[in-house]
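Please view the sequence and the structure below before reading on.

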Amino acid sequence: MRRQLQTMRKSLFDQGYLDEQFVQLEELQDDANPNFVEEVVTLYYRDSGRIILNIEQALERKPFDFNKLDAYMHQFKGSSSSIGAKKVKAESTLFREYCRSRNGEGCMRTFQQLKKEYATLRRKLEAYFQLARQAGPVETACRPK
Amino acid sequence: MTLSRESHTSTSNSILPQSANLLTENGKFKKSMASALPSGDQGAAEANSGNGGQMQKKPFTFNEIVLRNRLTALVVDGDNFCRLLEQGILQAYGLETQSVNNGDAAVELIASGAKFDLILIDMLLPILDGVEATRRIRAMGMRCKMLGVTACSGERERQAFLAAGVDMFVEKPLGPEILIPVLRELDGQV
């Protein structure tokens with residue numbers, strides 16, 4: 001099961017879903033708080049879900065308020081990058097570029113792709129954390145000085 | 001552009017919603033500095049995206065600095081999650097932290113006499129943006145280290161934030177390769 005977990009983790013990086021920021025979060029995890037990363041990711045999805053909703057509602061109003069859309073996405077990009085959500089971050093950057101060039105169609109198209117990546121990552125991380133809980137805590141050691 | 005009119009100031013023991021459970025009873029971020037114990041490949045922590053999280057030597061990890069002095073930090077970020085995470089990471093390094101969620105609250109806090117060794121400030125903030133807040137904080141004579149930590153990535157934004165007075169412009173996320181040298185300098189370890 002641990003090998004399966006390692007394979008799953010490797011694929012998340014290989015397929016570009018996560019970047020090294022996720023590893024930095026893992027380094028904050030320890031025996032006292034073995035589910036720290038899962039808790040952080042859970043908090044991220046709860047908080048960012050509200051922003052997604054705000055953006056959806058803003059995209060239903062015409063004409064688009066590109067400044068507001070850009071501000072929402074700035075916030076979303078920041079928190080996504082903080083958990084290492086690489087593909088989500090990339091789509092966020094693209095969305096902001098479309099906001100700046102006042103390209104409404106580009107915004108809508110990118111937002112759809114962003115939501116797909118966001119949902120896909122959530123599914124994959126949920127599966128990963130579920131397996132991690134089943135596999136049990138990793139044996140730990142202090143780093144040599 | 002105002003996203004929220006609420007002014008929020010918090011110290012390190014009152015920042016997280018109960019459900020997040022990321023704090024101990026003392027309000028400290030749940031991280032032991034005695035060990036760094038990543039999940040994954042045989043306890044290896046190093047990874048780069050695209051190579052399957054394989055072990056590669058990275059110059060910095062979270063537990064490579066132990067502070068000798070008491071250092072304080074202010075986190076200014078309008079996003080709840082980012083503010084909590086940055087504050088928690090600074091606490092994990094051993095800093096005493098406060099946070100506010102808008103630029104106006106940051107300026108007021110400094111104007112009230114609060115002093116910090118380090119300020120992390122985002123660019124897009126409610127009520128008063130990070131650039132103007134930085135300008136006003138510097139105009140008050142505050143010479144502490146200020147890092148503009150933002151999701152903005154353009155050269156124009158970078159120049160504007162630096163011109164306002166931040167010492168470094170950092171695109172989120174703030175990683176140990178940036179933070180550890182800053183903390184070493186502030187702690188007199190350089």
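UniProt annotations, whose positions follow the numbering used here, may be inferred rather than shown by experiment. In this predicted model, an unreviewed UniProt entry places the annotation "domain: HPt" on residues 33–128 of chain A. For chain B, an unreviewed UniProt entry lists "domain: Response regulatory" at residues 72–187. The table sets out the make-up of the two spans.

| Span | Helix | Strand | Distance between end C-alpha atoms |
|---|---|---|---|
| Chain A, residues 33–128 | 85% helix | 0% strand | 17 Å |
| Chain B, residues 72–187 | 47% helix | 21% strand | 11 Å |

**Confidence**

The model as a whole has an ipTM of 0.80 and a pTM of 0.77. In chain B the average pLDDT is 76, and 67% of the residues score at least 70. Residues 11–49 of chain B stay under 50 in pLDDT, and the model has 126 contacts beyond four places in sequence for them. Residues 54–59 of chain B also have pLDDT under 50, with 16 such contacts. Where pLDDT is low, the predicted coordinates should not be read in detail.

**Packing between the chains**

Two packed helices are described by the angle between their axes and the distance between the axes. Helix 4 of chain A (residues 66–82) packs with helix 1 of chain B (residues 80–93) at about 35°, and their axes lie 8 Å apart. The crossing of these two helices is left-handed. Helix 4 of chain A contributes A:Gly78, A:Ser79 and A:Ser82 to the contact, while helix 1 of chain B contributes B:Phe81, B:Cys82 and B:Leu85. By class, this contact comprises 3 nonpolar and 3 polar residues, with no charged residues.

Terms used:
Residues numbered from 1 in each chain as written. Chains lettered and ligands numbered in written order. Predicted model: local features only at pLDDT ≥ 70, side-chain atom pairs only at ≥ 80, totals over all residues. Heavy atoms only, no water. Helix = DSSP H or I, 4+ residues; strand = E, 2+ residues; numbered from the N terminus. pLDDT = per-residue confidence, 0-100. Contact = heavy atoms within 4.5 Å. Axes fitted to C-alpha atoms, helices over the stretch in contact; angles between N-to-C directions. Left-handed = near helix turned anticlockwise from the far one by under 90°. Nonpolar A, V, L, I, M, F, W, Y, C, P; charged D, E, K, R; others polar.
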